[in-house]
Amino acid sequence: MQKTHNSLRSNFAIVSPRQRRGAMAVLLAIMMFAFLVTAAFSIDIAYMQLVKSELRSATDAAAKAAAEELARTQDPVKATEKGIAIGLKNSVASQGLQLRETDFIYGKSVKGPDDRFAFDPVGKPVNSVRVDGRRTEDSIGGPVPLFLGRMFNVRNFKPAEAATVTFLERDIVLVVDRSGSMNDNRKFRDLQDAITIFLSILADSPTEERVGLASYSTTATADVQMTSNLGLIRAEMARMPVDGFTNISGGMDAGGSIIQNARPTEFVERAMIVLTDGLQNRGRPAVQAAGDLADRGVIIHSITFGSDADQTAMRQVAEIGSGRFFHAEDGNALKAVFREIATTFTTVITQ
């Protein structure tokens, strides 16, 4: 019996507390190392995503600035200088984006049947600029050092982004609500002020936008035909009567009669901005009018003003017209909406 017990003791070594502590220390060290590696990897991944986002924004800003300057001056040298200056004002990995003249490529963008723009670097006339923003070995700023990438023998991040901006001329029809409810709480005065802001931004645009005006209540009227004299729009808004029911589709049809006399679509983009503060209670559904306009290539942006407006129907109008839907609860919000639309009308990022 004693021999058997001794044999068992010889087959199963007794582990002392000190040995256990040593084994746990080794295990903890391995786990700690694995944790540090994972943490380092996560930190650098997050940093790379941040840098990539910054580079995208900086490249977009430089391209937009160059396109606006090109539209204003038709001078690629001045456009490049402007783009370089704006790039430096946008931080990428804690320093301004540094661009060379060769990072700016000028050409022509053409919208295809799928509504996508194709950029031709040798196309004429020039209406676009492409900017190649890089933090690579051959860029002025060089690659972006990583914090802990050396643990994986990866010391630098080398992102590259490209942005193409096209300046487009547009013919725009404003379709405004002059029904009786627009007399409540200064609504129509707020609309007049918002449109004044809209027209002022267009007047300062480097491109030529022509604007027409239609309005509706129980019936609709084509008030101002397409014009580059934006003062005519202000004058008509100042003397417009406000009364009656809400015939949104009638206003859109009147706007459609104006836009059919716009410049050819080979040279300009046709757009309509439709505003209402209520529910349609006269005429056919607005979505039907939107479908007719969309078939003619008109982009429709819709705005609802105030809490009583039919946001569901007007959102559908914008969707059908491949445009954007906006809601403004009060006059200040309405001004902000028209300011945003006017600003985005000047240039468009096409790639």
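**Note on the predicted structure**

1. In this predicted model, helix 7 covers residues 286–295, and its buried residues are Ala286, Ala289, Ala290, Gly291 and Leu293. The elements that cover these buried residues include helix 6 (248–259), strand 12 (269–276), strand 13 (299–305) and helix 8 (311–320). Just after helix 7 comes Gly297, with a positive phi of about 85°.

2. The overall composition may be stated next. The protein contains nine helices and 15 strands. It has 351 residues, of which 44% count as buried. Among the contacts with a separation of 6 or more, 71% are between residues 24 or more positions apart.

3. Which strands make up the open sheet, and in what order do they stand? The sheet has six strands in the order 11-10-9-12-13-14, and the pairing is mixed. Strand 11 (220–227) and strand 14 stand at the edges; each has a single partner strand, so one side of each lacks a neighbour in the sheet. From one strand to the next, the twist averages 15°.

4. Is strand 9 mostly covered or uncovered? Strand 9 is mostly covered, with eight of its eight residues buried. Arg170, Ile172, Leu174 and Val176 point one way from the strand, while Asp171, Val173, Val175 and Asp177 point the other way.

5. The loop between strand 8 (160–167) and strand 9 holds Leu168. Leu168 has a relative accessible area of 14%, and it is therefore buried, the limit being under 20%.

6. Helix 4 (residues 187–203) lies across strand 9, strand 10 (210–216), strand 12 and strand 13, and runs at about 175° to strand 9. The buried residues of helix 4 are Lys187, Phe188, Asp190, Leu191, Gln192, Ala194, Ile195, Phe198, Leu199 and Leu202.

7. Two packed helices are described by the angle between their axes and the distance between the axes. For helix 4 and helix 5 (residues 231–238), the angle is about 175° and the axes are 10 Å apart. The two helices are therefore roughly antiparallel to each other, since angles over 145 degrees are counted in this way. On the side of helix 4, the contact is made by Phe188, Leu191, Gln192, Ile195, Thr196, Leu199 and Ser200; on the side of helix 5, by Ile233, Arg234, Met237 and Ala238. Seven of the residues in this contact are nonpolar, three are polar and one is charged.

8. Some backbone values call for comment. Most residues other than glycine have a negative phi, and most peptide bonds are trans. Ser94 is a residue other than glycine with a positive phi, near 70°. Ser94 is located in the loop between strand 1 (91–92) and strand 2 (95–96). Is Ser94 buried or exposed? With 71% relative accessibility, Ser94 counts as exposed.

9. Ser322 likewise has a positive phi, near 55°. Its place is in the loop between helix 8 and strand 14 (325–328). The relative accessible area of Ser322 is 56%, and Ser322 is therefore exposed, the limit being over 50%.

10. Where is the cis peptide bond, and what is its omega? The bond runs from Lys124 to Pro125, and its omega is near -5°. Pro125 belongs to the loop between strand 4 (117–120) and strand 5 (128–134).

Note on methods: Residues numbered from 1 in each chain as written. Predicted model: local features only at pLDDT ≥ 70, side-chain atom pairs only at ≥ 80, totals over all residues. Heavy atoms only, no water. Buried < 20%, exposed > 50% of the residue type's maximum accessible area, 1.4 Å probe, protein only. Helix = DSSP H or I, 4+ residues; strand = E, 2+ residues; numbered from the N terminus. Contact = heavy atoms within 4.5 Å. Axes fitted to C-alpha atoms, helices over the stretch in contact; angles between N-to-C directions. Parallel < 35°, antiparallel > 145°, perpendicular 65-115°, else oblique. Nonpolar A, V, L, I, M, F, W, Y, C, P; charged D, E, K, R; others polar. Pairing = 2+ DSSP bridges.
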